[in-house]
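Please read this briefing beside the sequence and the 3D view, which are shown just below.

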Amino acid sequence: MYQLNKILLTLLTIGGVGFINYIVTDQLGTTKLYKDANQIRLGYCLVWSLIDYVIYLILLQWLKSFVSSNWLQITVTLLTILIAWIGTSLLAYPLHWITYKFYDWVADHLKMNKLLTTDDGDVWERLLDKTFSDNTFIYLFTLDHKPISAGRLDMYSADEVTNFQTALRPFSNDKFKKLKSYDELQNKISSLKYRKTHKIYEYINFKQNFVAVIVTHKND
């Protein structure tokens with residue numbers, strides 16, 4: 001019975017702690033899951049569980065000389081949970097940063113487009129992560145270039161089925177009327193003088209039928 005309890009406690013510890021790792025990284029915003037989210041989430045937890053299991057074994061070997069056998073399993077379980085929670089909280093941002101830097105390095109050396117991906121939701125969110133500031137402006141059009149809206153970027157998100165949401169602080173009516181069409185906007189942002197002080201991106205979403213022209217100041 002003791003051995004059975006030990007096995008069950010070990011399995012519950014490793015599996016449960018892997019889910020704790022996921023919750024912490026998700027709350028910190030370093031986990032971005034879109035398509036097939038349930039399968040990816042399970043794989044993500046399993047990867048973390050492997051790391052947690054290594055920590056668990058190290059603690060088990062280290063503490064068996066200091067803790068009685070009656071309390072060893074419980075002590076190791078609690079310490080594994082504590083280390084996983086604190087460690088994930090401290091390492092989530094650095095690991096996220098290192099991972100993306102590594103991807104960018106690989107993309108550069110393989111001469112690949114950094115934003116080339118099969119997940120359009122990731123492009124949208126990464127692009128706004130890159131450009132977001134108090135001086136980021138978005139002009140939205142349909143694919144046939146009919147104006148939808150325009151304003152200063154306030155909030156944005158993309159859920160697991162790439163359902164994009166963006167909150168804009170509208171310009172004054174007069175300011176928006178100065179840019180009556182897509183062509184007029186293109187003429188303005190294409191000038192050499194304007195490009196010296198602004199970064200311009202154009203995001204096209206064929207699934208949800210919109211074009212977003214994103215403009216931000218270079219000094220932000």
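Predicted model: local features only at pLDDT ≥ 70, side-chain atom pairs only at ≥ 80, totals over all residues.

Residues are numbered from 1 along each chain as its sequence is written, and side-chain values use heavy atoms, with hydrogens and water left out. The chain holds seven helices and five strands, where helices (H or I, at least four residues) and strands (E, at least two) are DSSP runs numbered from the N terminus.

**Fold and burial**

- Read from the N terminus, the elements follow the order α-α-α-α-β-β-β-α-α-α-β-β.
- Of the 220 residues in the chain, 34% are buried, a term that stands for under 20% relative accessible area, with exposed meaning over 50% and partly exposed in between (1.4 Å probe, protein chains only).
- Leu28, in the loop between α1 (2-27) and α2, is partly exposed at 27% relative accessibility, and its C-alpha lies 8.0 Å from that of Tyr93, although the two are 65 residues apart in sequence.

**Surface patches**

- Patches are made of residues with over 30% relative accessible area and no salt bridge, with like charges joined within 9 Å and nonpolar side chains (Val, Leu, Ile, Met, Phe, Trp, Tyr) within 5 Å; accessible areas come from the Shrake-Rupley method with a 1.4 Å probe, and for residues only the protein chains shown count as cover.
- A nonpolar patch with about 590 Å² of accessible area together consists of Leu82, Trp85, Ile86, Leu90, Leu91 and Leu95; one of these, Leu90, belongs to helix α3 (residues 69-109) and is exposed, with a relative accessible area of 62%.

**Pairs of side chains**

- There is one salt bridge, defined as a side-chain nitrogen of Lys or Arg within 4 Å of a carboxyl oxygen of Asp or Glu, and it joins Asp154 to Arg169 at 3.6 Å, N to O.
- This pair links distant parts of the chain, with Asp154 in strand β2 and Arg169 in strand β3 (residues 164-170), 15 residues apart; Asp154 is partly exposed at 32%, and Arg169 is partly exposed at 39%.
- The count of aromatic pairs is four, where rings of Phe, Tyr and Trp (its six-membered ring) pair if their centres lie within 6.5 Å, and planes under 30 degrees apart count as stacked, over 60 as edge-to-face and the rest as tilted.
- Among them, Tyr53 and Tyr56 are stacked because their ring centres are 6.3 Å apart and their planes stand at 15°; both lie in helix α2 (residues 37-63), three residues apart, about one turn of the helix.
- Tyr53 is partly exposed at 36%, whereas Tyr56 is buried at 2%.

**Backbone**

- Most residues other than glycine have a negative phi.
- His145, in the loop between β1 (136-141) and β2 (147-158), has a positive phi near 70°.
- Asn209, in the loop between β4 (198-205) and β5 (210-217), has a positive phi of about 60°.
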